[in-house]
Every structure is written in C-alpha cells, then in structure tokens.
Amino acid sequence: MSSHPFADTPAPPYVAVIFTSVRTPGDNGYAVMAASMAELAREQPGFLGIESAREDVGITVSYWTDQAAAQGWKQVAAHLVAQRRGRDVWYDDYRVRIATVERDYGPDSSPLDRD
C-alpha cells in the first residue's frame, strides 16, 4: 500500500469518474453509505483507486481500467440504491464527468512524463 493519499494508478491510459457535489444539510446516513460504497467499489472488476475531498464542494474521483469497468460500477445494485438516495436526500446538486487519463505524473516523475 502506498504511503501517500493518492490512488495507486497504473501507467495511462485509464478512466477517471469525477463526481462533484454540493451536499444538503445534515448527515442523514451519508457517511455510512459513502464508506460502504468505497469498500464495495474496491471489490469491483477494473477498480484502480479512489480519492475524495469535501468542503463546500465535494469531489470524489474513482479510477477504472476502462470505460466498461466504470460502467459496470454504475450498474451495481447497491450503488444504484446509493445513487437514488443521493438524488433524493444527500445532494443539492452534482455533476458526473468521465474522462480518459492520458498523463499521470508527480514531483518525482521524469520530465518526459510531464509533456
């Protein structure tokens, strides 16, 4: 396991599902469901990792080997339940964006990785 807070992703390309949200007031079971969904996602075929931060706006990025794996996660029954509860109870607004990661580098990467 990595010592940094970032997902341990492979060399690109891979898929990022970016979920940006504004929460409603109160927890209303959100924390328990969020932890449960993170654990369930880790068990799915093609899952690579997850990163999340929340202040006024929450951003969760999950990483997948390909579009098929990301789409498979969207259709998991328990995740469908969480999506419905999110629309009905937890979120004032949200956006889902799906992207293919073409480059992935950090401060210790080779300069060639930064092009």
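Predicted model: local features only at pLDDT ≥ 70, side-chain atom pairs only at ≥ 80, totals over all residues.
The largest nonpolar core consists of 12 residues: Val15, Val17, Met37, Leu40, Ala41, Phe47, Trp64, Ala69, Ala70, Trp73, Val76 and Ala82. At least two residues of this core come from each of strand 1, helix 1 (30–42) and helix 2 (67–74). Within the largest core, alanine 41 is in contact with Phe47, Trp64 and Trp73, its neighbours within four places in sequence being left aside.

Helix 3 comprises 14 residues (77–90), which at 1.5 Å a residue should span 20 Å. Its end C-alpha atoms lie 18 Å apart, in agreement with that expectation. The residues of helix 3 that are buried are His79, Ala82, Gln83, Gly86 and Trp90. These residues cover an arc of only 105° around the axis, so they are on the same side of helix 3. An α-helix has 3.6 residues a turn, and therefore residues three or four places apart point the same way. The exposed residues Ala77, Val81 and Asp88 are carried on the face of helix 3 turned away from its buried side. The cover over the buried residues of helix 3 includes strand 1, helix 1, helix 2 and strand 4 (91–101).

Threonine 20 is located in strand 1, which runs over residues 14–23. Its relative accessible area is 18%, and because this is under 20%, threonine 20 counts as buried. Apart from residues up to four places away in sequence, threonine 20 touches Val57, Gly58, Ile59, Asp93, Tyr94, Arg95 and Arg97.

Terms used. Residues numbered from 1 in each chain as written. Heavy atoms only, no water. Helix = DSSP H or I, 4+ residues; strand = E, 2+ residues; numbered from the N terminus. Buried < 20%, exposed > 50% of the residue type's maximum accessible area, 1.4 Å probe, protein only. Contact = heavy atoms within 4.5 Å. Core = buried A, V, L, I, M, F, W, Y, C linked by side-chain atoms within 4.5 Å. Expected span 1.5 Å × (residues − 1). Arc of directions from axis to C-beta.
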